[in-house]
Amino acid sequence: MFTAVQSEREQAIESIFKEYGQLVYRTAYGVTGNREDAEDVLQAVFMQLVRQERRPDGKNLQGYLYRAAVNSSLNTIRRRQRERAQQVSGELEAPEAPAPDDSVKAELRHRRLYEAIAQLKPDAAQIVILRYMHNKSDAEIAAMLGTSRGAIALKLFRSRTRLRKLLLASLKEEL
Amino acid sequence: MRASNKNLNQALDRWLSQSPSPSLADMQSSLGHVWERLQPHIVGIRGIREEVIPASTDIRLRWPWSKIVLVAALTAAVVLVAPMVLIRTLRPGPAPAIVQTVGSGLSRTDGEKSQAIHAGDQLAFGQIIRSSVGDAAVVALSDGSSIEMRPNSELALESADDGVRIRLSRGSVIVVAAKQKKGHLYVQTKDLTVSVVGTVFLVNAEEAGSRVAVFQGEVTVQGGAGSRKLSPGEQVATNPLMKSHPVSEQISWSGSAAAHLALLPQSTSPAFPRLEFDVATIRPVPSANVFIRTADRLRCKGADGILTTSVIRFNQMISSVVSDVPQGRCVGRNVDPISLIALAYDIPINQRISGVPISAELYNIETEATDLSTVTKEQLRQMLQTLLADRFAIKVHRETNQGDGYLLMVGKNGPKYGPAFMETSGEEEIFGPTHDASGQSVVKGKFRLKTFAESLGLLDNLSGPVLDRTNLSGIYDLTLILKDAAASGPRGAPTSPDRRFDPPVSKAIEEQLGLRLERAKVPVEYLVVDHFEKASEN
């Protein structure tokens, strides 16, 4: 009897991990840009499930896990930003920076973009990432996040305007 | 203004469409790793729920009446047994482990939150314990056993049916297992389980596989198809491609390395007696001279030949004057510590030694063995390790990962023997890779194919090490000429792997030498320097 209960619970978590682990990991990797942070996010999201700190909405487990992945990944971005700010203020002399190559430029661009996305409201950030990282349509995003298509379209428009403002200087460099 | 907004929108679209995405293999590996890390927590939760869940099971409401009697009987059994289980589980007992000694970098995590651990802190089952890159730590179990963690290791303690299980997901531990009154102490990695009743042993978990070495007593190792017992001095690895290294080197990071090695039978301990130079002079090169960056190769001459760094860092000019080395000595001017480490630990320099400050000083080195006429290359190599430990306070460990690399193989029409590829004899002598002003890079010298492959790995447009799979033995005069793409094509030619030269490296090798390069997943061995100081004065 105990065994049956144990395996049922363990199987449930395992099947959720198998079904949605990739979604969470891909999202975290896309936002944080590196494997270590993506693994930490995946672990944190599933730890919440294991502990049932936040009981997932049974009807929309995918939406819950996706939101948790975005929020946890953006928290990581914010933490890294703080750490970098502290490091810079602690350095007496800036090291001589070599001219950035393409991969360094891409990394810098990615970091700036997600630091800007981290300044959006959580639901706006979730929508932007679903659209541009996962290539979802307004209807698909609406279904996943439990809202209407109109609301998604409006939020996407506002989020883009805000991102353009936040990234204005960097975007102009490219023009 | 509208046009400007349009341009900005287009730029934003470009930014948004370029999120990095993991490769499928990396993602699978990460998912597996995280699932492994979650295991102790899932088991932990399950343990607590054993007492709770049966009482709240509502499934039984849908059961047919005919089963009610059975349910009642089982429920009664639960009511009787559960308190006993609860009492046993909740009875205050000793914590499974206490941190004994620790540097500044041990942490534990219960999943989301990570917190620092200090000496004297108690550890609970299921917590993930991580040692930082520079700090080892010792954890004492309540049964009297101790676990010494290498820097950059990760483990969790779990309750096993008949003892305690140490789940090692990364790094190395040396376990001094107390005599178990009943049951076993287990160490588990992703591909093996070690069970003991009282002994001293090392377990190492790497991406490519795991290793076990025994110093005292006997352990049973289970993995893959079967199990085997190991005695003192014996070691096994789960992946046959992993290189074997002396146990003395594998535990050089340990504060008790000498004590553990002393447990080994003399015949199985290559580290005894300690091999060291009779005379060793190490002088830092005055910093005013460092900018010259002309590195002389450190060379040692043993009775069985010359020992020298197979390759030198690409950004350094190499002195073309090869000075003679007297028998039984090691000599080098302006030696970069990385070259010294590479020679001592027999590892290629190319991005595979980490932890040495780039700005480390250069040194003039002259050493002399006691027995000048009979000392061998291998003995000189071990003496260099002793020198690094004594004078640079070095502590190292090796890690083997599966990574992208290349295999150097014989082309379909066989080697193109001729002026560029000629069998010869004598010692290896390597010149290059070197660049010249005409946009030409040359890899030239007297090589074993293994060394030639290592030299190719130095070319920064190959994205990984090159392993020799030519099956050609002997020493060859080899010359490979590579022309920069920029010299023959438009400026700003792409710098992605294998495209900077025209023709690319793989084609040049095939055309000039009749060998071919094939992309492959290869075991890549890294030497991680856990601790390194400036050389102490003579």
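User: What order do the elements of chain A run in, starting from the N terminus?

Analyst: They go α-α-α-α-α-α-α-α. This is a predicted model, by the way.

User: What share of chain A counts as buried, and what does "buried" take?

Analyst: A residue has to be under 20% relative accessible area. Of the 175 residues in chain A, 43% count as buried.

User: Why is Arg160(A) with Asp13(B) called a salt bridge?

Analyst: Their closest N and O atoms sit 2.6 Å apart. The cut-off is 4 Å between a side-chain nitrogen of Lys or Arg and a carboxyl oxygen of Asp or Glu, so the pair qualifies. Across the interface of chain B and chain A, the rule finds 2 salt bridges.

User: How do you know which residues of chain B are in contact with chain A, and how many are there?

Analyst: Contact needs heavy atoms within 4.5 Å. By that test, 43 residues of chain B touch 49 residues of chain A.

User: Why quote an accessible area for an interface?

Analyst: Because the size of an interface is often given as the accessible area lost when the parts come together. For chain B and chain A, about 4,600 Å² is buried between them, with 66% of it on carbon and sulfur atoms.

Technical notes
Residues are numbered from 1 along each chain as its sequence is written. Chains are lettered from A and ligands numbered from 1 in the order in which they are written. This is a predicted model: local features need pLDDT of at least 70, side-chain atom pairs count only at pLDDT 80 or more; totals for chains, interfaces and linings use all residues. Side-chain values use heavy atoms; hydrogens and water are left out. Buried area is the accessible area (1.4 Å probe) that two parts lose on being put together, summed over both. Helices (H or I, at least four residues) and strands (E, at least two) are DSSP runs, numbered from the N terminus. Buried means under 20% relative accessible area, exposed over 50%, partly exposed in between (1.4 Å probe, protein chains only).
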